[in-house]
Amino acid sequence: MASHGVSRTATTGQRTDEQRIAEQKEILKYQELEELIRVKVAERQYTLEVLELTAKLLKKNPEYYTIWNVRRRLLIYGLFSKPSDSSSPSMESPSTSLNDTTKASSEISSSSISEPSAVSATTPQSPSSQSLGRNGTTLDLIKADLEFLFPIMVEYPKCYWLWNYRLWLLKQANERLGPDIAKELWKRELILVGKMLVRDSRNFHGWGYRRTVVAELESAKLGGKSMVESEFEYTTKMIHAPKGLSNFSAWHRRSKLIPRLLDERKADATARKQFLDDEFDLIVSAMYTDSYPYAQSAWFYYQFLMTTLTDYVGHATITPNFTNDDRVEYVERQLSILRDMLDGAEDCKWIYDALIEYTMALCLMEEREPQVDERADCKAWLEELRKLDPFRSGRWDDLEKSSRV
């Protein structure tokens, strides 16, 4: 099995009797540890000792989301409490049990996922902006928890609950610490998610997590400023990295940044036209490179750019001042490029699909029926698609009907 081209070694196979016995012992220890946590939480023992017990369990099974919620409760109702609260019972209802924790919201969208991150001890501390906990400062607790997550995330980089919990910790920093201190934590997080994307540049979890981190750093509560220019440059860097042209996430992020980028630049019609030309040059040259006419991700971005010309909504995002004649001129130019691209790539279904789509779009833009030669071309391209991708014969039948060829 492979993930983004990285082979995985098998984790199961024939086991000896000794291995099975050892496994049974581990299972028993796991069950005993789980029960111990359940008992202590039921008794509302929100202490560092119980936090350590949850750490032991989560190292064994980071997918156990209930224990992540238990860990949240330990911090909120116990360890984040101020010294004056230490002699008072928890404000949480005594009837709340470990089972109830299963229903607790993780508070963070599961699409925001990233790579391990640790926070340096050099984070500035301001006594006036920290809240003291029973066992040290809140900042110390958050930093320690971020560091605890690091080795687990190295081993399980695609575990949703790990990243949900990590974001929750950082959100707690926003609520409980001063904005300068919280901002430093988020800035370090951006550096570390960047390192994670070097390890696996196409990990969409990491890209989602990066979007969340950037949004926080841009927020008014942290005194942030727009990072759209630097993030756009980051997508350029990642696209030009090894295998970057097949990076769905980088192309997608780029497409989402473009409208805001142009607005913030206060780009006029000339600048927007030049921007569109540059983006077409980038993607077309990418599709001419090595095997990239066959990379689906590049075609998705090409399709996004073409909506600027063929679709009213897309048209408004980059070139709102284009006339219909301007758009027709661009579509005709791209159809010529696609025809040239077929030379040497006759087995690339994406080219045939695009040729049919934009030939039909051109007819709609000019408010006319397809001409005889256009019908013949589309019919021939459809036949090639049926040969190259017979599993989608129904799609090609529908395309034939909709294009009336």
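I am working from a predicted model.

**Entry 1: helix α3**

I started with the length of helix α3, residues 65-79.

Next I asked how many of the residues of α3 are buried. The count is 12 of 15, so I put the helix down as largely enclosed by the rest of the structure. The buried ones include Ile 67, Trp 68, Val 70, Leu 74 and Leu 75. Arg 71, Arg 72 and Arg 73 are also on that list.

I then picked out Asn 69, which lies in this helix. Its relative accessibility is 4%, and the cut-off for buried is under 20%, so Asn 69 counts as buried. What does its side chain touch? I found a polar contact of 2.7 Å between the side chains of Asn 69 and Arg 72. Residues three or four places apart in an α-helix point the same way, because there are 3.6 residues a turn.

**Entry 2: the nonpolar core**

I looked up the largest nonpolar core and got 109 residues. Phe 280, Ile 283, Trp 299 and Tyr 302 have the most contacts inside it. Which helix gives the largest share of this core? That is α15, residues 349-365, with 10 residues.

**Entry 3: salt bridges**

The structure holds 30 salt bridges, and I went through three of them.

Glu 216 pairs with Lys 171, with the closest N and O atoms 2.6 Å apart. This one links distant parts of the chain: Glu 216 is in helix α8 and Lys 171 in helix α6, 45 residues apart. Are the two partners buried or exposed? Glu 216 has 6% relative accessibility, so I call it buried. Lys 171 has 27%, so it goes down as partly exposed.

Glu 229 and Arg 265 form another bridge, at 2.8 Å between the closest N and O atoms. Here the link runs from helix α9 to helix α10, across 36 residues. Both ends are partly exposed: Glu 229 has a relative accessible area of 36%, and Arg 265 comes out at 38%.

Last, I checked Arg 386 and Glu 400, whose side chains meet at 2.8 Å, N to O. Arg 386 belongs to helix α16 and Glu 400 to helix α17, 14 residues apart. Glu 400 is partly exposed at 26%. Which residues share this network? Salt bridges with shared partners join Glu 383, Arg 386, Asp 397 and Glu 400.

Key:
Residues numbered from 1 in each chain as written. Predicted model: local features only at pLDDT ≥ 70, side-chain atom pairs only at ≥ 80, totals over all residues. Heavy atoms only, no water. Helix = DSSP H or I, 4+ residues; strand = E, 2+ residues; numbered from the N terminus. Expected span 1.5 Å × (residues − 1). Buried < 20%, exposed > 50% of the residue type's maximum accessible area, 1.4 Å probe, protein only. Polar contact = N/O pair within 3.5 Å; in protein donor to acceptor, adjacent residues only side chain to side chain. Core = buried A, V, L, I, M, F, W, Y, C linked by side-chain atoms within 4.5 Å. Salt bridge = Lys/Arg side-chain N within 4 Å of Asp/Glu carboxyl O.
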